[in-house]
Amino acid sequence: MAEHTTHAVVVGGGPAGLVAAHLLHRQGVAAILVAPETTLDARTTALMAPSIRLLQSLGVWTEELRKHCCPLRELHMLDDTGNTVQARDLRLRAVELGLDEFGWNVPLAHLVPMLRDSCPAQTFTARVATANCTDHISLALDNGDMISAKVAIAADGAASTLRDVAGIKIEQWSFDQHALVCNFAHSGPHNNTSTEFHHFGGLFTTVPLPGNRSAVVWLDKPDEIARLKNLSAEDLAIEIQLQNHGMLGRVSHVTPAKTFPMRGVSAGKLAAKRTILVGEAAHVFPPVGAQGLNMSFRDVGHAVELIAAAHDPGAEEVMAAYDRTRRADIAPRTFAISLMNQTLISQHIAPHILRALGLTVMGSIPVLRDYVLRTGLNPERDLPTVMRA
């Protein structure tokens with residue numbers, strides 16, 4: 001057993017935790033990363049321009065990584081509910097903001113290993129066995145080592161151990177909905193367009209990958225997702241082709257599908273007792289509008305800025321400043337995403353009509369359209385310094 005003392009400790013080996021360790025080192029803050037071994041994540045994530053700037057600043061947005069990624073130049077939203085009142089097709093283009101692309105679709109199976117292999121922080125491949133907080137954070141790892149720090153960044157997921165130790169309560173809710181994710185090949189071009197079909201049960205979203213390949217995120221009733229999961233690759237290809245109305249041509253070479261339930265988590269406090277929550281330790285919501293990891297990176301950027309600037313990074317005023325800064329971003333996005341998703345699984349027609357009218361108005365009024373583009377797809381306000389243009 002060995003004892004280690006440091007300024008900050010980061011717990012979590014996903015993208016948020018790894019980026020936190022990178023940024024702390026970049027700011028000259030002594031830090032230790034506790035990152036247990038994880039299975040390879042086959043999902044992709046749409047990273048918008050501020051997140052790409054963050055990866056550039058860390059030196060990991062390399063040609064080697066980019067060859068596995070695909071630029072996102074257009075978002076196409078279609079009402080596929082079949083209701084009498086339907087939203088008009090909505091196309092949002094990066095060129096409207098003077099950009100070549102909104103961002104990039106990035107496979108986590110390539111991003112996470114690159115972040116981990118290049119991480120400059122001292123790293124322990126272990127799990128937290130016990131933890132406590134007094135005038136410092138004390139962690140006992142399952143390999144016998146002990147770590148003492150002034151502050152902890154909890155990037156340890158929706159079932160966060162550090163969040164529980166800090167006594168932070170959470171609100172949880174679930175949707176009558178599961179998600180299916182996989183990748184597939186198609187005979188037609190995707191034209192760097194992410195297409196989002198709104199149908200009863202949830203969203204069906206295709207996101208472009210290099211060449212004639214795309215990723216799909218399919219939200220629907222649990223029984224329907226279970227049925228799809230049990231199909232052969234060939235039969236699932238037919239279902240995907242039918243669901244996107246053949247817009248990508250013939251679908252083939254579907255990768256093994258993964259499924260998971262849709263739920264929401266919101267932390268009552270975003271920081272307390274020398275513990276700062278980032279990523280899914282702070283917020284969980286359905287994969288709608290490419291918000292998840294982009295929001296997590298904003299969490300991390302603000303957390304590291306506050307830690308680097310403070311004499312005592314675990315002080316109550318630092319905790320309060322982080323909670324105040326991030327809540328203003330997280331709360332309205334969580335509400336909007338949950339509301340949009342809830343309208344699609346509602347059994348009543350009124351929410352569907354309101355959603356359709358809302359999307360039509362949003363696409364028709366220039367000032368609203370511009371607001372959605374700049375707030376949802378290319379946020380530039382209240383960003384941490386490392387993510388600013």
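These notebook entries record what I looked up in a predicted model of one protein chain.

**Ground rules.** I number residues from 1 along each chain as its sequence is written, and my side-chain values use heavy atoms, with hydrogens and water left out. Since I read a predicted model, I noted that local features need pLDDT of at least 70 and that side-chain atom pairs count only at pLDDT 80 or more, while totals for chains, interfaces and linings use all residues.

**The whole chain.** I counted 11 helices and 20 strands in the chain, where helices (H or I, at least four residues) and strands (E, at least two) are DSSP runs numbered from the N terminus. I then looked up the radius of gyration, taken over C-alpha atoms, against the globule rule of 2.2 Å times the number of residues to the power 0.38. For 389 residues a compact globule would have a value near 21 Å, and the chain, with 21 Å, agrees with that. The C-alpha trace spans about 65 × 40 × 40 Å along its principal axes. Of the 389 residues, 54% count as buried; buried means under 20% relative accessible area, exposed means over 50%, and partly exposed lies in between, with a 1.4 Å probe and protein chains only. Taking contact as heavy atoms within 4.5 Å, I found that, among contacts between residues at least 6 apart in sequence, 73% join residues at least 24 apart.

**A three-stranded sheet.** I followed an open sheet in which three strands stand in the order β3-β7-β4, with antiparallel pairing; two strands pair if DSSP finds at least two bridges between them. β3 (44–48) and β4 (70–72) are at the edges and have a single partner strand each, so one side of each has no neighbour in the sheet. From one strand to the next the twist averages 30°, with axes as lines fitted to C-alpha atoms (for helices over the stretch in contact) and angles from 0 to 180 degrees between N-to-C directions. Five bridges join β3 to the antiparallel strand β7 (residues 103–107), and there I found M48 opposite G103. Helix α4 (residues 108–117) lies across β3 and β7, and runs at about 85° to β7.

**Helix α7.** Which residues of α7 are buried? I listed L236, A237, I240 and Q243; they cover an arc of only 130° around the axis, which puts them on the same side of α7, the arc being that of the directions from the helix axis to the C-beta atoms. I reminded myself that an α-helix has 3.6 residues a turn, so residues three or four places apart point the same way. The face turned away from the buried side carries the exposed residues E234 and L242. Among the elements that cover the buried residues are β12, β13, α6 (222–229) and β16. Q243, in this helix (residues 233–243), is buried with a relative accessible area of 18%. Not counting residues up to four places away in sequence, Q243 touches D80, F197, H199, F204 and W218.

Most residues other than glycine have a negative phi. I therefore marked N192, which is not a glycine and has a positive phi of about 55°, and which counts as buried at 16% relative accessibility. N192 sits in the loop between β12 (170–186) and β13 (193–199). H245, also not a glycine, has a positive phi of about 55° and lies in the loop between α7 and β16 (251–252). Is H245 buried or exposed? At 52% relative accessibility, H245 counts as exposed.
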